[in-house]
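Here is a report on one protein chain. Keep the sequence and the coordinates open while reading.

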Amino acid sequence: THKSYLYFMSLVTERANMKLLRIVDSLIELYPDDEEFFNLKNQIKVGLYNHSKSDVESLEAEKYFIDENYLEAIKKYKSAIKFNPFKFQNFESLGITFLKINEIDSAKKYFRNSISMNKIDSDSKSEFYLGVLLFNEGKKDSSCIYFRRSYADGYKDSFKYIRELCKPNTK
């Protein structure tokens, strides 16, 4: 299959192999809902070592986060991003971690980074959290845009905020 071939080739070629990237891009066009192609593209872009190292750093960051050692979690998430700057989950997790230590501007920055990435397997938490932060700043119209986007992309907790805080969308 195409996936098996691409996966094997991603293991034995240098990162950012343009031929493989063109192949996977054409397959993404044909199968836009298949997140495995997006993951393969990511692995091809950064290389197997960096992809794996990023995952290890991210898992360590999660452990620090669970232990409420947020400063160490931030270091590990930033390290994970250095190895793989294409994985939106690390940006989202970094935003949540900054939120935990009340560094709002940094949290917004990383939520925006996560949102800006082409992501098929998102649960739209970044949009939700950014909506909350904007609402807390008195930017109700902007926050409602993010709440609606989050809800439309599957984050059901947004519905309560839309219902209670946002005017009906008349567009």
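## Two loop residues with positive phi

Glu 68 sits in the loop between helix 4 (48–66) and helix 5. The model is predicted. In it, Glu 68 has a phi near 65°, a positive value in a residue that is not glycine. Is Glu 68 buried or exposed? Its relative accessible area is 58%, so Glu 68 is exposed, the cut-off for that class being over 50%.

A second residue belongs beside it. Asn 102 is not a glycine, yet its phi is positive, at about 65°. Asn 102 lies in the loop between helix 6 and helix 7. Its relative accessibility is 60%, so Asn 102 counts as exposed.

## Overall layout and confidence

The protein chain holds 10 helices and 0 strands. Along the sequence, its pattern reads α-α-α-α-α-α-α-α-α-α. Of the 171 residues in the protein chain, 39% are buried. Take the contacts with a separation of 6 or more: 49% of them join residues 24 or more positions apart.

The mean pLDDT of the protein chain is 87. A value of 70 or more is reached by 86% of its residues. Which elements mark the lowest and the highest mean pLDDT? Helix 1 (residues 2–12) has the lowest, 63, and helix 5 has the highest, 98.

| Helix | Residues in helix | First to last C-alpha | Expected at 1.5 Å a residue |
|---|---|---|---|
| Helix 5 | 14 residues | 20 Å | 20 Å |
| Helix 7 | 13 residues | 18 Å | 18 Å |

Helix 5 comes close to its expected span. Helix 7 also comes close to the span expected for it.

Which residues of helix 5 are buried? They are Tyr 70, Ala 73, Ile 74, Lys 76, Tyr 77, Ser 79, Ala 80 and Ile 81. These buried residues pack against helix 4, helix 6 and helix 7.

Lys 76 belongs to helix 5 and is one of its buried residues. Leaving out neighbours within four places in sequence, Lys 76 contacts Glu 57, Glu 60, Ala 61 and Tyr 64. Lys 76 and Ser 54 are 22 residues apart along the chain, and their C-alpha atoms are separated by 9.1 Å.

In helix 7, the buried residues are Ala 107, Lys 108, Tyr 110, Phe 111, Ser 114 and Ile 115. Their cover includes helix 5, helix 6, helix 8 and helix 9 (140–152).

## Nonpolar cores

The largest nonpolar core has 19 residues. Inside this core, Leu 94, Phe 98, Tyr 110, Phe 111 and Leu 130 have the most contacts. Which elements give two or more residues to the core? They are helix 5 (70–83), helix 6 (88–100), helix 7 (104–116) and helix 8 (125–136). Helix 6 gives the most, with 5 residues.

Not counting residues up to four places away in sequence, Phe 98 touches Ile 74, Lys 78, Glu 103, Ser 106, Ala 107 and Tyr 110.

There is also a second, separate core of 9 residues, with Leu 20, Leu 21, Ile 28 and Leu 40 among them.

## Rings and charges

How many aromatic pairs does a search of the whole structure find? It finds 12. The angle settles the class, because planes over 60 degrees apart count as edge-to-face. Tyr 70 has a relative accessibility of 15%, so Tyr 70 counts as buried; the cut-off is under 20%.

Ring pairs also build a cluster. It links Phe 111, Phe 128, Tyr 129, Phe 147, Tyr 155 and Tyr 161. Phe 111 is also among the residues with the most contacts inside the largest nonpolar core.

Two lysines lie over ring faces. Lys 45 lies over the face of Phe 86, at 4.0 Å from the ring centre. Lys 156 lies over the face of Tyr 151, at 5.0 Å from the ring centre.

Conventions:
Residues numbered from 1 in each chain as written. Predicted model: local features only at pLDDT ≥ 70, side-chain atom pairs only at ≥ 80, totals over all residues. Heavy atoms only, no water. Core = buried A, V, L, I, M, F, W, Y, C linked by side-chain atoms within 4.5 Å. Buried < 20%, exposed > 50% of the residue type's maximum accessible area, 1.4 Å probe, protein only. Helix = DSSP H or I, 4+ residues; strand = E, 2+ residues; numbered from the N terminus. Contact = heavy atoms within 4.5 Å. Phe/Tyr/Trp six-rings, centres within 6.5 Å; stacked < 30°, edge-to-face > 60°. Lys NZ or Arg CZ within 6 Å of the ring centre and 35° of its normal. Expected span 1.5 Å × (residues − 1). pLDDT = per-residue confidence, 0-100.
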